[in-house]
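Please look through the structure below before reading the numbered notes. They go through some local features, one place at a time.

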Amino acid sequence: MNQAVVSLSKLQKYCEAEDFKGWDPFDGLNSRIFNALPMLKRSALCRLIMIQLFKRNPVNLRRIAAVPKQYNPKAIALFLSGYCNLYHAIESAPELQNAFGQKQTVRLTIDRLARLLLSLRSKGDYHGACWGYNFDWQSRRAFLFPAHTPVVVVTAFSASALFDAYEITGEKEYLDVALSSARFVIDDLHRTPFGRGFLFSYSPLPGNDTVFNASLLGVKILCLCYKYTGNPEYRHIASQVVQAACDGQRPDGGWVYGLRPVQSWIDSFHTGYNLDALNTYRTLTGDRTFDSNIERGLDFYINNFFKEDGTPKYYHDRTYPIDIHSPAQLLVTLSNMNQLSRYCCLADKIVDWTIRNMQDKKGYFYYQIKPLISSKISYMRWSNAFMFNALSNYVKKYYCNNE
């Protein structure tokens, strides 16, 4: 555990020095040079090439292309939840203040990040609070999501973080804004019938409508709001989406990413998202109907995405690229499902492997390890915010469960 504390402290210092701003694998369209060339900017093909070039290149081109470091709402949400975890850990083990700072300082950071997250809400005629990414995103299917287009994934992380902050600070604005996100899910996302229920869309814009993890993150929002309000509408709608997701589960316990033929892969961290959301539904509604689905899913997750030596795999049937999301999400999923004790040996191996192989001496974590040339770029959302939240969950569970 001392190794995790030291690692997290180094990462904390790095992220604070950067003021939580940074680059992202998908931020190529933020290039000031690209945006100064209208002929390129208007071309969907050029936009797609630009995104993929920056995402796949192990050499960071962002300084050359004048891509600014920015606040990413999802990163801020992950940092906010992470600092809330640290606050609880320090309450249980005051000696952790030597690594992470005084409890009052952590509390001030929680307020600062929560206020920042509120300021990053998507603007527009939406029924509730919602958040999106800080960059334009061009899909292979020719649709464009402009920067700050609200998406259910970012909204779920943001609302959850605000609930975390409310529990510590008692600040009612955090609670009210987070609760309003339920109306975004219910009134602004469209629905695709599937199985005995339906799936939520990724965004109010037409496009990614058949993704299991995104739909289940909509469920997570509704269940968190149900916890505070007891509104039966939230529980009823969530149950229909959970039913659809479980109808889409494979007999071996896995889920493909989505329903379209081009979404047929099975990966580690999105499986973790699914389990986290399903467990949130079970815990907060008391509905045990889908226990067998959750257990099969957890068995599939544990048995297919992690090697004996602690190497995390990206896909169920192959290892590379080893993405930092994979070990990070394991710690979050096991923590949220209260399974860290059950799988403590696996978690310890994963933490050890990830710190040894994917943390830079400066404190940040690498993006992806590949067989030949790895991408060791520091991405604030994808790598650092995720690992900050993951390690904070790991540390919090250890110290709070050993009072």
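Which residue just after H10 takes a positive phi? Keep in mind while looking that this is a predicted model.

1. The residue is Gly-230, and its phi is about 70°. Helix H10 itself covers residues 212–229, 18 residues in total. From the first C-alpha to the last, H10 reaches 26 Å, close to the 26 Å expected at 1.5 Å a residue. Of the 18 residues of H10, 15 are buried, so the helix is largely enclosed by the rest of the structure. Buried here means under 20% relative accessible area.

2. Strand E3 (residues 191–194) and strand E4 (residues 197–200) run antiparallel and are joined by four bridges.

3. Two packed helices are described by the angle between their axes and the distance between the axes. For helix H12 (residues 268–285) and helix H14 (residues 325–336), the axes come within 9 Å and cross at roughly 15°. Angles under 35 degrees count as roughly parallel, so H12 is described as roughly parallel to H14. The crossing of H12 and H14 is left-handed. On the H12 side, the residues making the contact include Phe-269, Tyr-273 and Leu-275; on the H14 side, they include His-325, Gln-329 and Val-332.

4. Where is the cis peptide bond from Tyr-320 to Pro-321 placed? Pro-321 is found in the loop between helix H13 (291–304) and strand E5 (322–323). The omega of this cis bond is near -5°.

5. Asp-19 has a positive phi, near 55°, and is a residue other than glycine. Asp-19 lies in the loop between helix H1 (2–17) and helix H2 (32–35). Is Asp-19 buried or partly exposed? Its relative accessible area is 27%, so Asp-19 is partly exposed.

6. Ala-66 is another residue other than glycine with a positive phi, here near 60°. Ala-66 is placed in the loop between helix H4 (44–56) and helix H5 (73–92). The relative accessibility of Ala-66 is 24%, so this residue counts as partly exposed.

Definitions and conventions:
Residues are numbered from 1 along each chain as its sequence is written. This is a predicted model: local features need pLDDT of at least 70, side-chain atom pairs count only at pLDDT 80 or more; totals for chains, interfaces and linings use all residues. Side-chain values use heavy atoms; hydrogens and water are left out. Helices (H or I, at least four residues) and strands (E, at least two) are DSSP runs, numbered from the N terminus. The expected span of a helix is 1.5 Å times one less than its number of residues. Buried means under 20% relative accessible area, exposed over 50%, partly exposed in between (1.4 Å probe, protein chains only). Two strands pair if DSSP finds at least two bridges between them. Axes are lines fitted to C-alpha atoms, for helices over the stretch in contact, and angles run from 0 to 180 degrees between N-to-C directions. Angles under 35 degrees count as roughly parallel, over 145 as roughly antiparallel, 65 to 115 as roughly perpendicular and the rest as oblique. A crossing is left-handed if the near helix is turned anticlockwise from the far one by less than a right angle, and right-handed if clockwise. Contact means heavy atoms within 4.5 Å.
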